[in-house]
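Open the model in your viewer and keep the sequence panel beside it. This tour says what to select at each stop and what is there.

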Amino acid sequence: MELILGAGPVVKLVLLVLAYFSIVSWAIIFLKFRVVRRAIIDSDRFLDFFWAKKRFDLIGQGLKDFSQSPLTVLFREGYQELLRGSRQPSEGGGPSAELGRSANVARALRRATTSETQRLEKYLTFLATTGSTAPFIGLFGTVWGIMDSFHGIGKTGSASLAVVAPGISEALIATAIGLVAAIPAVMAYNHFVNKVNVLTGEMDNFCQEFLNIVQRMGRD
């Protein structure tokens, strides 16, 4: 704390910026940890429920128990599109009508997948920005602090260790704080990107299974 209070105004400004990045990053980390964890748990539970029930109407009645799962959004969008298609009489009917209905359901699933992927990836760019820029912001504060120290040495005319060391140590605190902000942000970003990729893979697999079921229903 003594080093921070003894730093120059520019270094203090740099430390404030780094503190902002660090506080917001930790808030995002806690938020994403809760959101992604609930999404994974609810998705696993929803898949068990989906394959146990097997009937779309029964599955649709139980969606509220898995509200954090992106798969429930996909199912709801696909099922609603399926119901709209069945209520609208198609001209001629036959295989072409079934293909059109499957195509509409596929589009609804793609839109829902994109929307849910964006929701899960929300705020991750801030973690990436913190991880890539915080060390450089801290380095800027260190360079500025060292320049300020050398300027002070020039004015006093003394280059002894007792004169140089305090200024340099005050400057280096900016680099240290930059790394403190960047390292957790990088680790969290890589962790959450990996989890989101797993959930995106599950969404792709679920869309394919849903479409297969819709196509089999059309042939029966």
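Where is serine 102 found? Select serine 102: the residue sits in helix α5, residues 94-121. Before going on, note that this is a predicted model, in which local features need pLDDT of at least 70, side-chain atom pairs count only at pLDDT 80 or more, and totals for chains, interfaces and linings use all residues. Residues are numbered from 1 along each chain as its sequence is written, and side-chain values use heavy atoms, with hydrogens and water left out.

**Stop 1**

Buried means under 20% relative accessible area, exposed means over 50%, and partly exposed lies in between (1.4 Å probe, protein chains only). Now show what serine 102 touches beyond its neighbours within four places in sequence: Leu211, Val214 and Gln215. Contact here means heavy atoms within 4.5 Å.

Move to valine 105, also a residue of helix α5. Valine 105 has 0% relative accessibility and therefore counts as buried. Leave out residues up to four places away in sequence, and valine 105 touches Gly78, Glu81, Leu82, Phe210, Leu211 and Val214. Draw a distance from valine 105 to phenylalanine 210. They are 105 residues apart along the chain, yet their C-alpha atoms are separated by 9.1 Å.

**Stop 1: the whole chain**

Zoom out and colour by secondary structure. The protein chain has 7 helices and 0 strands. From the N terminus, the order of elements is α-α-α-α-α-α-α. Helices (H or I, at least four residues) and strands (E, at least two) are DSSP runs, numbered from the N terminus. Of the 220 residues in the protein chain, 36% are buried. Take the contacts between residues at least 6 apart in sequence: 83% of them join residues at least 24 apart.

**Stop 2: α2 against α6**

Select residues 9-53 for helix α2 and residues 124-156 for helix α6. Two packed helices are described by the angle between their axes and the distance between the axes. For α2 and α6, the angle is about 160 degrees and the axes are 9 Å apart. That angle makes α2 roughly antiparallel to α6. By class, their contact has 17 nonpolar, 7 polar and 1 charged residues.

Axes are lines fitted to C-alpha atoms, for helices over the stretch in contact, and angles run from 0 to 180 degrees between N-to-C directions. Angles under 35 degrees count as roughly parallel, over 145 as roughly antiparallel, 65 to 115 as roughly perpendicular, and the rest as oblique. Ala, Val, Leu, Ile, Met, Phe, Trp, Tyr, Cys and Pro count as nonpolar, Asp, Glu, Lys and Arg as charged, and the others, Gly among them, as polar.

**Stop 3: α2 against α4**

Show side chains on both. Ala39, Ser43, Phe46, Leu47 and Phe50 of α2 meet Pro70, Leu71, Thr72 and Phe75 of α4. This contact divides into 7 nonpolar, 2 polar and no charged residues.

Next, pick serine 69, in the loop between α3 (56-61) and α4. Is serine 69 buried or exposed? Serine 69 is buried, because its relative accessible area is 1%. Not counting residues up to four places away in sequence, serine 69 touches Ala39, Asp42, Ser43 and Phe46.

**Stop 4**

Residues 13-31 are 100% helix, with end C-alpha atoms 27 Å apart. Residues 123-147 are 96% helix, with end C-alpha atoms 36 Å apart.

Pick tyrosine 123, in the loop between α5 and α6. Most residues other than glycine have a negative phi. The phi of tyrosine 123 is positive, near 75 degrees. Tyrosine 123 has a relative accessible area of 39%, so the residue is partly exposed.

**Last stop: alanine 188**

Find alanine 188 in helix α7, residues 161-219. Alanine 188 is buried, with a relative accessible area of 9%. Beyond its neighbours within four places in sequence, alanine 188 is in contact with Ile29 and Leu127. Finish with a distance to phenylalanine 30: alanine 188 is 158 residues away in sequence and 9.8 Å away in space, C-alpha to C-alpha.
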